[in-house]
Amino acid sequence: MVPRVIYKIMVHLALGTMMFTISTGQPILMEQQDLSGVKTFVNISGESVKTMMVLFHGCNNQGHDWFQKPEEIVFLHKAILRKIAVVAFTNPRHRGNFCWPSPDEEYFLEATDLLHRALLELLDSLKKPPKPLVVSSVSLILVGASSGGIFASRLPAIWRNKLLNLAQVTAFLSVVSPTSFVRKTQLLEQPGADFPPTGLVYMPRDTTFASEEAIETFLGSLHQAGVAAKAWALAPQQLTAETLIASLQIAGIFVEDKAVQKFIEALTDLGLLMDGEVIEDPRRIPWRRAVSSLENILLCPIQTLECKDILANIDTGAWRKS
C-alpha cells in the first residue's frame with residue numbers, strides 16, 4: 001500500500017498551484033545536466049533523496065521553465081520546503097513546440113525510452129560515494145501539465161518494472177490536462193487498480209481540452225478502479241496591475257507600474273479583459289497581442305536571464321487561473 005504521507009504531499013502540492021503564498025523574488029536555483037541526450041534540470045536541497053518530483057511541462061515550455069516562471073516557482077517552493085528533490089526534463093523528441101507526445105504519436109516510445117535512461121542515470125549518480133544521496137528506493141511523484149500530463153500519465157505502467165529497485169512511482173499529479181485516458185470527455189481506457197494515487201487540477205472555464213467533464217470522467221474511472229484520487233478546480237482570479245506586478249516579482253522580473261497598467265488597459269481595449277477577468281477560455285486567450293505594451297520597459301532581472309528573453313518567458317498564472 002502507498003504510504004499515506006505520499007498522498008498528503010500530493011494534496012499540498014495540488015493546493016500550491018491554486019494560490020500565491022510565497023514571494024521569492026528570484027528563479028529557483030537548479031543544475032542543468034545532459035543525461036542520455038536529455039536536457040535535465042535538478043534541484044536537490046536535502047541531505048538525502050527519499051522523494052523526487054519528476055516534472056513535465058506543457059507545449060512551448062522546456063524543463064527550465066519550471067524554475068523560472070512565477071506560478072511554477074511558488075509550486076516548486078512547496079516541494080522544496082518539504083525536502084522533495086525536483087527534476088524536470090525538456091522533451092527530447094518534438095516538432096519544434098516542445099509538446100510531449102501522446103501514446104499514439106510516433107515519438108512516444110522513443111521519448112519514454114530516453115526519459116527512462118535519463119532518470120536511471122540520474123538516480124545512479126545520486127548513489128555514488130563519497131556522499132550518496134540515495135540509500136533506498138526513491139518515491140517518484142510524476143507531475144504533468146497539459147501535454148506533459150498526457151505523456152506522464154502513461155509512465156507509471158511503462159516504468160513499473162524498469163527502475164531497477166532505484167525508485168517507484170507513488171503518485172501522479174495532472175495539471176490542466178485530460179491525461180491520455182480521456183479524449184473529448186470519452187474514456188479511452190480504464191486505468192488499472194495499480195495506478196498511483198492521483199490529483200487532478202483543472203479550470204472550469206477550460207471547455208475544450210481538460211474540461212470539467214473530462215476530469216470527472218477520468219476521476220470516476222479511477223474511483224471505479226479503487227485508486228485514491230481527488231480533483232481541484234481553479235476558481236477565477238482577478239487580473240489587475242497589482243496582481244500582475246506581484247506575480248512577475250516572484251520570478252525576479254521588475255516592471256514599471258505604468259507599463260503594467262498600460263498592458264492591462266491594452267488587454268481591456270482588445271476585449272480580452274473585463275472588470276479584471278479574462279472573458280474567454282484562458283488557454284486560448286491571445287494575450288500576446290498586448291505584450292508590445294511591455295517592450296523596452298522591463299528592468300533587467302536577477303541571475304542570468306537576459307532582458308530580451310523575458311517577454312518570451314512571461315506566463316503569469318493569472319491567465320491559467322481565470
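**Ground rules.** I call it a contact when heavy atoms lie within 4.5 Å. Helices (H or I, at least four residues) and strands (E, at least two) are DSSP runs, numbered from the N terminus. I am working with a predicted model, where local features need pLDDT of at least 70, side-chain atom pairs count only at pLDDT 80 or more, and totals for chains, interfaces and linings use all residues. Residues are numbered from 1 along each chain as its sequence is written, and side-chain values use heavy atoms, with hydrogens and water left out.

**Overview.** I found nine helices and 14 strands in the protein. Of its 322 residues, 55% are buried; buried means under 20% relative accessible area, exposed over 50%, and partly exposed in between (1.4 Å probe, protein chains only). Among contacts with a separation of 6 or more, 76% are between residues 24 or more positions apart. I also noted an accessible surface of about 14500 Å², with 51% of it belonging to carbon and sulfur atoms. Those areas come from the Shrake-Rupley method with a 1.4 Å probe, and for residues only the protein chains shown count as cover.

**Strand 3.** I looked up residues 51–56 next, and six of the six residues in this strand are buried. In a regular strand the side chains alternate between the two faces of the sheet. Here Thr51, Met53 and Leu55 are buried on one side, and Met52, Val54 and Phe56 are buried on the other.

Which strands does strand 3 pair with? Strand 5 (residues 138–145) runs parallel to it and is joined to it by six bridges. Strand 4 (residues 85–89) also pairs with strand 3 in the parallel sense, over four bridges. I count two strands as paired if DSSP finds at least two bridges between them. Methionine 52 has leucine 140 of strand 5 as its bridge partner, and methionine 53 has valine 86 of strand 4. From strand 3 the chain crosses through helix 2 (residues 70–80) to strand 4, in a right-handed β-α-β crossover. Right-handed means that, with the strands pointing away from the viewer, the path from the first strand over the helix to the second runs clockwise.

I stopped at glutamate 105, in the loop between strand 4 and helix 3. Glutamate 105 counts as partly exposed because its relative accessibility is 28%. Leaving out residues up to four places away in sequence, glutamate 105 touches Arg95 and Trp100.

In the loop between helix 3 and strand 5 I came to proline 130, and the peptide bond from proline 129 to proline 130 is cis, with omega near 10°.

**Two positive phi values.** Serine 146 is not a glycine, yet its phi is positive, about 55°. Serine 146 sits in the loop between strand 5 and helix 4 (147–152), and at 13% relative accessibility it counts as buried. Valine 176, also not a glycine, has a positive phi of about 50°. Valine 176 is in the loop between strand 6 (167–175) and strand 7, and is buried with a relative accessible area of 6%.

**Helix 6.** In helix 6, I listed Ala214, Ile215, Phe218, Leu219, Ser221 and Leu222 as buried. Seen down the axis of helix 6, they fall within an arc of 160°, so they line one face. The arc is that of the directions from the helix axis to the C-beta atoms. The buried residues of helix 6 pack against strand 7 (182–183), strand 8 (186–187), strand 9 (198–202) and strand 10 (229–233). Glycine 226 follows helix 6, with a positive phi near 80°.

**Helix 8.** My last stop was helix 8, where Ala259, Val260, Phe263, Ile264, Ala266 and Leu267 are buried. They cover an arc of only 155° around the axis, which puts them on the same side of helix 8. Their cover includes helix 7 (241–250), strand 11 (254–255) and strand 12 (273–274). The face turned away from the buried side of helix 8 carries the exposed residues Asp257, Lys258 and Asp269.
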